[in-house]
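Subject: Structure handover

Hello,

The sequence and structure we discussed are below. My notes on them follow; please read them with the model open.

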Amino acid sequence: MTTPELRSKVIQLYKTLLFLGRDYPKGYVYFRDRCHNAFAKNKDVKDPEQIRKLMSHGEFVVKEVEALYYLKKYRTLKKRYYKDEDEEGAMRRLESTIESKSEK
Amino acid sequence: MALRALVGVKRVVDYAVRVRVKPDKTGVVTDGVKHSMNPFDEIAVEEAVRLKEKKIVSEIVAVSCGPTQSQETLRTALAMGVDKAVHVEVTGPEYNNLQPIHVAKILAKLATEQKADLVIVGKQAIDDDCNQTAQMTAAFLDWPQAVFASKIEKEGDGLTVTREIDGGLETIKVKLPAVISADLRLNEPRYATLPNIMKAKKKPLEKKTPKDLGVDVSPRIEVVSVEDPPTREAGAKVEDVDQLIEKLKKLGRI
């Protein structure tokens, strides 16, 4: 039997995921449907140990999605505002390799 | 010595939204468009929260100037760990023409009022890309400035700030009080989680008007026209080098 405590924790996790899904690049509906399916797939799991294991996976997904958002934002901003930097860096690297080769 | 920090946050059109220019060329479409906190301001908020976690800062106050919806942005800041928020309500034509000079005056006034030792803002907003607010705020307060910060460390009575400059980094020492603007690499902002946003609703949010602060926000400029950048013309393929040279010659490039 699942304890009420565990049940509320699962619901909490589901809500957290749905909240995160609002910003999902492919849209909220896409995320919600997949999230719902993932939970529905395991709806018959009764073993508390098993539930905890599945929840830790859910928490892992939460962390991954947060990291995804951060990286997406960082990369977009970097591309928009620091355009020349990569070219400059590449040029510098190129120059230094040429120099080191000519030294030899 | 525990410091008090004032953080400026701006509500802007979300970075992921495709911005569209209004047909009458007076600005960009903002109705029904997703808005969020300016990403550089998120970095500023995160830095203030980290300084608080290091016990360098004792209290963080967030400020936002704009319409009522700016309070949502302030809630996000509160959820990230800010202690209290001040919403300076600016609406209508005044909001449309709100310039960094107005915001800087408001921030300077509030910094004095809140007895702040440290003002942290994002280096620029992703909507107008002005990159002026921090500098002007420092000028109005007559405080030292450390803009484009990529690292902030406490040292003695002041701060050691590493700045991003063209082609490298610059390390400077500033005395407190000071104004700092955050660059992209300063830190990785945390995500405002659902429970924290709920808790943030209980944190104090003060409402003010520019009038209360004695700041004149009447427009100083008039927007003549807002237009899309020119679209890139399609390229053409060439068969061989001779053809390429011929084409370049025709275009007068060589």
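Along its sequence, chain A follows the pattern α-α-α-α, with 4 helices and 0 strands in total. Helices (H or I, at least four residues) and strands (E, at least two) are DSSP runs, numbered from the N terminus.

This is a predicted model, in which local features need pLDDT of at least 70 and side-chain atom pairs count only at pLDDT 80 or more, while totals for chains, interfaces and linings use all residues; side-chain values use heavy atoms, with hydrogens and water left out. Residues are numbered from 1 along each chain as its sequence is written, and chains are lettered from A and ligands numbered from 1 in the order in which they are written.

Chain A

Of the 104 residues in chain A, 19% are buried, meaning under 20% relative accessible area with a 1.4 Å probe and protein chains only; exposed is over 50%, and partly exposed lies in between. Counting contacts (heavy atoms within 4.5 Å) in chain A between residues at least 6 apart in sequence, 65% join residues at least 24 apart.

Interface

The contact between the chains takes 19 residues from chain A and 24 residues from chain B. Together they bury about 1900 Å², 59% of it on carbon and sulfur atoms; this is the accessible area (1.4 Å probe) that two parts lose on being put together, summed over both. On the chain A side, A:F19, A:Y81 and A:Y82 lose the most area to chain B, together 31% of what that side buries. There are 2 salt bridges between the chains, each a side-chain nitrogen of Lys or Arg within 4 Å of a carboxyl oxygen of Asp or Glu. One of them joins A:K73 to B:E42, with the closest N and O atoms 2.9 Å apart.

Chain B

Strand β1 (residues 3–8) of chain B is largely enclosed by the rest of the structure, because 5 of its 6 residues are buried. Strands pair if DSSP finds at least two bridges between them. β1(B) runs parallel to strand β4 (residues 57–66) of chain B, joined by 6 bridges, and B:L3 stands opposite B:V57 there. β1(B) also pairs in the parallel sense with strand β6 (residues 118–122) of chain B, over 3 bridges, where B:V7 stands opposite B:I120.

Regards
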